[in-house]
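Please read them with the coordinates open.

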Amino acid sequence: MSNVVSALQGVSADGYVEVQEMGLQGMLTLRGDLSMAKLAKAVKAAVGVEMPKQRKINLNGQTGAAWMSPDELLLIMPHAQATATAAKLTKALGKTHSLVANVSDARVVFTLSGKGAREVVAKLAPVDMQALKKGEIRRSRMAQVPAAFWLSGKDEITIVAFRSVATYVFDLLANAAAPGGEVDAY
Amino acid sequence: MLILECPYCGVKAEETELHAGGEAHLTRHATGSTDDELKFYLFQRKNPKGVHFERWRHVNGCGKWFHAARCTMTLEVFGTYSAQTFEPPKALLSSIKAKRPDWQAT
């Protein structure tokens with residue numbers, strides 16, 4: 001069995017906001033007609049949360065579901081459970097027109113923690129961070145690459161990006177959070 | 001800066017989060033069309049000073065294509081609407097007409 005490691009193996013940077021790579025995270029992409037009751041039921045059975053409404057993320061401990069587009073969900077679970085959950089979900093959906101893909105190892109997850117977390121994201125993404133509410137996921141870009149983020153706690157933001165650009169995103173965040181870069185915008 | 005509201009995810013997306021897709025509501029002339037029709041479909045685009053209908057893609061977001069009506073001169077956005085349509089919604093057309101009485105839908 002190969003030794004599964006996350007993109008940056010838990011690297012962190014201490015600035016006025018702390019940037020931390022979160023290690024392995026199980027993630028599935030589910031595509032299909034989100035308004036179907038069968039889909040909602042399968043999602044509930046797989047990750048134990050209700051079907052999220054537009055732009056919302058429903059989290060329950062280590063599992064959850066996030067609305068990515070009108071026909072796409074991101075399902076979150078511990079890394080070790082991803083393969084089994086994907087199989088279970090595929091089976092539950094049967095012939096329903098849908099797709100389940102295990103994208104755990106195609107992604108990287110970071111958290112920003114500290115008072116200026118919103119500000120660090122605002123430096124990099126064209127998003128009104130003041131308006132971002134708890135329980136909402138926002139897909140956007142960070143500098144030149146796509147990223148999605150949500151408020152995961154008080155003064156804490158979780159960011160998901162593609163693994164292939166993990167170093168780029170980490171460098172961006174570390175630079176934006178470097179001491180002396182405080183704007184005190186929020 | 002141009003801000004368009006994506007009709008699929010409801011995000012007020014700033015221009016750099018979007019990708020422009022050119023003129024909207026083109027008729028795709030292919031097999032069986034005349035040379036002129038094909039020429040106009042492939043190469044001829046409207047370039048109005050004023051009201052324009054365009055296709056945009058929310059590329060750094062939900063990834064969906066949608067339509068937008070805006071003024072190329074003032075950058076005023078009249079509205080955005082779904083891609084699953086052959087023509088702009090009636091309500092949008094009348095609101096544009098109210099703002100730009102001289103404008104003629106073609």
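1. A:Ser104 sits in the loop that joins β7 (98-102) to β8 (107-113) of chain A, where helices (H or I, at least four residues) and strands (E, at least two) are DSSP runs numbered from the N terminus. A:Ser104 is buried at a relative accessible area of 5%, buried being under 20% relative accessible area, exposed over 50% and partly exposed in between (1.4 Å probe, protein chains only). A polar atom of its side chain lies 3.0 Å from the backbone nitrogen of A:Met27. Leaving aside residues up to four places away in sequence, A:Ser104 touches A:Gln25, A:Gly26, A:Met27, A:His79 and A:Ala82, contact meaning heavy atoms within 4.5 Å.

2. On provenance, this is a predicted model in which local features need pLDDT of at least 70 and side-chain atom pairs count only at pLDDT 80 or more, whereas totals for chains, interfaces and linings use all residues. Residues are numbered from 1 along each chain as its sequence is written, chains are lettered from A and ligands numbered from 1 in the order in which they are written, and side-chain values use heavy atoms, with hydrogens and water left out.

3. The interface brings 12 residues of chain B into contact with 15 residues of chain A. About 1,000 Å² is buried between the two chains, 46% of it on carbon and sulfur atoms, buried area being the accessible area (1.4 Å probe) that two parts lose on being put together, summed over both. B:Glu17, B:Asn60 and B:Lys64 supply 37% of the area that chain B buries against chain A, more than any other three residues.

4. Two salt bridges are counted between chain B and chain A, a salt bridge being a side-chain nitrogen of Lys or Arg within 4 Å of a carboxyl oxygen of Asp or Glu. One of them pairs the side chains of A:Asp71 and B:Lys64 at 2.9 Å, N to O, and it runs from the loop between β5 and β6 of chain A to the loop between β4 and β5 of chain B. A:Asp71 is partly exposed at 24% relative accessibility, while B:Lys64 counts as buried at 18%.

5. Which side chain of chain A meets B:Glu17 in a salt bridge? The partner is A:Arg138, at 2.9 Å, N to O. B:Glu17 is buried with a relative accessible area of 0%, and A:Arg138 is buried with 6%. Salt bridges that share partners also join A:Arg31, A:Asp71, A:Glu72 and B:Lys64 into one network.

6. B:His58, in the loop between β4 (51-57) and β5 of chain B, is buried with a relative accessible area of 0%. Its side chain makes a polar contact with the side chain of B:Glu17 at 2.8 Å; such a contact is a pair of N or O atoms within 3.5 Å, where within protein one must be able to donate a hydrogen and the other to accept it, and residues adjacent in sequence count only if both atoms are side-chain atoms.

7. The largest nonpolar core has 31 residues, of which A:Leu30, A:Val43, A:Leu75 and A:Leu89 touch the most other members; a nonpolar core is a set of buried Ala, Val, Leu, Ile, Met, Phe, Trp, Tyr and Cys residues joined through side-chain atoms within 4.5 Å. The elements giving two or more residues to this core include α1 (37-47) of chain A and β5 (65-71) of chain B, and α1(A) gives the most, with five residues.
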